[in-house]
Amino acid sequence: QVQLVESGGGLVQPGGSLRLSCAASGRVFGILGMGWYRQAPGKQRELVATLTFGGRTDYADSVKGRFTISRENGKNTVYLQMNSLKPEDTAVYYCNAHKDGVYWGQGTQVTVSS
């Protein structure tokens, strides 16, 4: 089993920044990649950004140029740096990890509002 714990969410004004963290623990050997997804009220969960442990990154078109996913060197912690936040970025953000299956964290709320 892999456990994922997200942190860093909160309330921010439009144009502001937040950095989310996701720490993996447990049986982390063999994790192939990690990613961030989000789910807004009344909407389906959608991909935000993914990172393979080989170094490839992918982003949703809506966040390209504003969000950056990264990994702490040699550790099973990934970050999502979110800049130029918009009200439409408001959602619960979930971290996941791919190994022998897909594991999910409990989510962290991000609210962008003035």
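Strand β4 (residues 33-39) is largely enclosed by the rest of the structure, because 6 of its 7 residues are buried. Keep in mind that this is a predicted model. From β4 we can walk out to its two partner strands, β5 and β9, then stop at Glu46 in β5 and finish with the disulfide between Cys22 and Cys95.

**β4 and its partners**

- On one pairing, β4 runs antiparallel to β5, with 6 bridges between them.
- If you want a landmark for that pairing, look for Trp36, which sits opposite Ala49 of β5.
- The β4 and β5 hairpin has 6 residues between its strands, and Gly42 there adopts a positive phi near 80 degrees.
- β4 also pairs with strand β9 (residues 91-98), again in the antiparallel sense. That pairing spans 7 bridges.
- Here the landmark is Gln39, found opposite Val92 in β9.
- As background, side chains in a regular strand alternate between the two faces of the sheet.

**Glu46, in strand β5**

- Glu46 belongs to β5, which covers residues 46-52.
- Is Glu46 buried, exposed or partly exposed? Its relative accessibility is 36%, so it counts as partly exposed; the buried class would need a value under 20%, and the exposed class one over 50%.
- Leaving aside residues up to four places away in sequence, Glu46 touches Tyr37 and Arg38.
- With Arg38 there's a polar contact too: the two side chains come to 2.7 Å.
- Tyr94 is 48 residues away from Glu46 along the chain, yet their C-alpha atoms are separated by 9.8 Å.

- Cys22 comes from strand β3 (residues 18-26) and Cys95 from β9, so the bond ties together parts that lie 73 residues apart in sequence.
- What is the handedness of this disulfide? The torsion about its S-S bond is about -80 degrees, so it's left-handed.
- Both ends are tucked away: Cys22 is buried, with a relative accessible area of 0%, and Cys95 is buried as well, also at 0%.

**Putting it together**

- β5 pairs with β4 and holds Glu46, whose side chain makes the polar contact with Arg38.

Note on methods
Residues are numbered from 1 along each chain as its sequence is written. This is a predicted model: local features need pLDDT of at least 70, side-chain atom pairs count only at pLDDT 80 or more; totals for chains, interfaces and linings use all residues. Side-chain values use heavy atoms; hydrogens and water are left out. Helices (H or I, at least four residues) and strands (E, at least two) are DSSP runs, numbered from the N terminus. Buried means under 20% relative accessible area, exposed over 50%, partly exposed in between (1.4 Å probe, protein chains only). Contact means heavy atoms within 4.5 Å. A polar contact is a pair of N or O atoms within 3.5 Å; within protein, one must be able to donate a hydrogen and the other to accept it, and residues adjacent in sequence count only if both atoms are side-chain atoms. Two strands pair if DSSP finds at least two bridges between them. A disulfide is a pair of cysteine sulfur atoms within 2.5 Å.
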